[in-house]
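Please look through the following structure from its overall build down to single residues. The paragraphs below follow that order.

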Amino acid sequence: TIHVLTIVAVADVARAAAFYRAAFGWTACVEVPPYVEFAMSDGRRFGVYKREGFALNTGAAPVGCPAGATTATEIYFHCDDLDGAIERMTTAGGRALSARAARDWGDEAAYFADPDGNVIVLARPINS
């Protein structure tokens with residue numbers, strides 16, 4: 001089994017796509033009205049899908065996230081340039097959740113939320 005694609009449900013596809021472009025510099029490889037998919041450097045893909053379209057595929061509507069809350073989704077990224085990644089995330093409008101710190105599992109990580117409350121972690125191994 002190989003993980004090839006992660007998709008998150010969002011309220012506003014254009015807003016979410018603009019956020020991820022600004023935060024990560026990704027290029028869209030699929031762009032249709034309810035969905036945008038980005039090609040990541042390692043060959044995986046990341047998609048943002050309007051909630052209503054997401055529900056057509058799954059048969060169940062994903063719950064929206066109240067302002068200021070987070071979803072139960074965490075997207076974890078290792079970054080070669082953690083300082084630069086944090087700066088891009090902040091400039092893109094990522095909401096800071098937990099400041100950069102050494103974590104018990106051996107990474108230095110900072111936690112943010114995207115505009116829909118999905119948690120994004122920017123990290124790097126401490127001993128790298």
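What share of the contacts in the chain with a separation of 6 or more comes from residues 24 or more positions apart? Such residues account for 52% of these contacts, where contact means heavy atoms within 4.5 Å. This is a predicted model, in which local features need pLDDT of at least 70 and side-chain atom pairs count only at pLDDT 80 or more, while totals for chains, interfaces and linings use all residues. Residues are numbered from 1 along each chain as its sequence is written, and side-chain values use heavy atoms, with hydrogens and water left out.

The chain has three helices and eight strands, which are DSSP runs numbered from the N terminus (helices H or I, at least four residues; strands E, at least two). Along the sequence they follow the pattern β-α-β-β-β-α-β-α-β-β-β. Of the 128 residues, 37% are buried, a term that stands for under 20% relative accessible area, with exposed being over 50% and partly exposed in between (1.4 Å probe, protein chains only).

Helix 3 (residues 82-92) has L82, G84, A85, I86 and M89 as its buried residues, and their cover includes helix 1 (13-24), strand 6 (95-102), strand 7 (107-113) and strand 8 (119-125). Just after helix 3, G93 takes a positive phi of about 105°.
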